[in-house]
Amino acid sequence: MAVAIETARPHVESSSAPAALRLQGLCKVVKTGFWARRVEILRGVDLTVADGDVFGLLGPNGAGKTTTLKVVLGLMRATAGTVELTVPREQIGYLPENPYFYDYLTGEEFLRFSGRLFELPSQVRESRVRGLLGEVGLEEAAGVHLRKYSKGMLQRIGIAQALVNDPSLVLLDEPMTGLDPIGRVEVKSIIEGLRRRGRTVLFNSHILSDVAELCTRIAIMKAGVVVWEGSVESALAESGDLERFFVRQVNG
Amino acid sequence: MSRVLTIALNTFKETIRDRILGVIVLFALAMIVGSVWLGAISLGQAGRMMQDFGLVAVTLFGLVVAVFVGASLVRKEIDKRTVFVLFSKPLGRSEFIVGKFLGLCATLFVVTMGMGVFLFVAVWYVAKSPQPDLLLACLLIYVQLVVVVAVTVLFSTVTSPTLASVLGVCVFIAGQLSSNVLSLTRLGHSPFVKAASWVVFVVVPNLSAVDIKAAVVGEQVSRPATLGLWVGYLAAYCVVVLLLASFVFRRKEF
Amino acid sequence: MRRRVALAALLVVCVAAVLAYQSSRPAASGADARVFVPSPRFYLDLSPSFRTSVADAYWLQTIQYYGEHLRSDNRFDSLWPMLDLVTTLSPRFEQAYFTGAFALIDAGRPDRAYGLLKRGMAANPAEWRFPAYLGFFAYTFGSEELKEKWAAHWYAKAAALPGRPAYVPRLAAALLTKSGARDKAIAMWASVYAEGDKYSREKAVKALGALLATDAQERAKELASVRTMMSPQAYFQLLQDLGMGSS
């Protein structure tokens, strides 16, 4: 079945630094519904995230951003294309969108559980748990069961568990959702801190002002392909306002 | 290995706090207490009645826990999307399955032996002398239920929790009738029946081989030597089932 | 407000209806003497655990049935099928045989009681009480001509089983004497003497004194046959007690 494909070649401005993550021609087909209808979610995604980048993955709903992250993490298998990940599993941190964690654990217990999954030595684990609880502002709520956490608190504990292993590559799916302005400032400073420490961050977001503030490079996805990849400066240079730029790219 | 234990401990915490467990155990204890009354109307057979019906209660309620919690173990994590966070970490799919299984086995142990100890004390009180065989019988019931959990977990990776529960119960019943299947292999009318019986006998776990209830109430003589072998067989059976479950689970996408 | 009143009224009416029905039910519903009892063969394929549980459940039912009908119409049509089921599924449930046998006597079926006890004995060959009860039943319900013979037969069997109390071989010996089986009686009295206490020995000596031949030589011959049944000291003592001195 022929599908209309954009005739314009995607604009790609590659970075010179070594790549932490490189996707080439990534395709993902999913069979849904009773008749196992084939739905192409990713149709040839090309993306390069360099070491030390704070990379923003943008796109309208349904563009395939979350699916891309899932394929990178191995939660889904690619139908075609390659995923080059130079960072081992132990060095990756992930925050899913709309996170849900174990109700019956307290914030502290949950972070400890995450730390155990990385087989961190117990002293390291304990100091990280303490430190992270402080960094995300949840010291007082550390002993409270997660079922009593508000959405914002869940988001924050989610970021904490993504960082418990001091990862060199951090993948965040909509990290700012549900946060009040104070929370957002805290998360932004965390991401800033990661960048300063030379970590690589890749996050999806709809909040373009945050993206403009934090990211070094961005990619815009539409209908399963990347239509624009480059530095934030070039995007702003082209269009002054990131929102206008985004809308232009997405509308073709 | 420690990751398996981490998952197991977490699963234990999760399942033991389940309020349904408390209700089920309460019912079991009520049934055991009720059997005291039954014993009183049995013309001097109080001990035997209590042991028999008490062990039935432990089996039944243990089965309910094994089957209903076992079927939803994996599904719950998928539905609540906690799997995303789990598998982004260096946790293998089989480590996850084995960990969940071990966690539920720990909870099941607490539940089964808890009821068993209660029954032991109750029978001691009524019959005026301790019957340690009761505890062994409960331990062996636990072994049977562990097999049921493994099978239920396997089914839950391929089908819905409800169907997995039902199939788990079916496997338990079939396992209790296993010795009859064996006699069919010898006495079957046609070679086809014999071959089919052999297949069923091999596939279905022989749970009746480790059931010593008849011996506990004095009806049969138990054979301790072969018991050990049969427990080993059931352990190997569990390993095979869990390997299958891991294999299926590895192919899954989230 | 009106809805609440209506609901409360509905609740009161329903509770009243339930209570009225419960209190108006007859205290003991006339139980039918004929009850459906499935055949044992349906359960024989189950595992031993299941069979035992079914047997125990039916045992409780049997007791209820027996008690109910004992008080009311004294008809026990289904008693035998129930006992048959219980003992077939749980052949070593000894109490079921004993209680069942007496219940069957009450039901006017001593023949069935007898048969039940024989089955019990076959399934529990080491239990002395089966042949002992059989002896009692034979004596109580047997024909005048044969009751002693059969009672003696059963009690002799019981005497040979482990754990039987001292009175059993004494009873066996007395019955053997009465029924005229002289050789067996002598042997039985000898064994009573061999293991018995003072009372048993006195009785044995008295009985043997009456049983044995009066001629000294005959007596010695008869006693020689029982020499192997006891220790040399006991045999010597027996001879002494019988006034035969050393031989």
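Reader: Is C:Asp45 buried or exposed?

Author: Buried means under 20% relative accessible area, exposed over 50%, and partly exposed in between (1.4 Å probe, protein chains only). C:Asp45 has 51% relative accessibility and therefore counts as exposed. C:Asp45 lies in the loop between α1 (2–24) and α2 (48–71) of chain C; helices here are DSSP runs of H or I with at least four residues, numbered from the N terminus.

Reader: On what basis are such values and labels given?

Author: This is a predicted model, in which local features need pLDDT of at least 70, side-chain atom pairs count only at pLDDT 80 or more, and totals for chains, interfaces and linings use all residues. Residues are numbered from 1 along each chain as its sequence is written, chains are lettered from A and ligands numbered from 1 in the order in which they are written, and side-chain values use heavy atoms, with hydrogens and water left out.

Reader: Which residues have a positive phi although they are not glycine?

Author: Most residues other than glycine have a negative phi. In this structure, B:Arg81 has a positive phi of about 60 degrees, and B:Lys128 has one of about 65 degrees. B:Arg81 is in the loop between α3 (46–79) and α4 (82–88) of chain B and is partly exposed, at 33% relative accessible area. B:Lys128 is found in the loop between α5 (93–127) and α6 of chain B, and is exposed at 66%.

Reader: Why is α6(B) described as largely enclosed by the rest of the structure?

Author: The reason is that 20 of its 26 residues are buried.

Methods: Helices (H or I, at least four residues) and strands (E, at least two) are DSSP runs, numbered from the N terminus.
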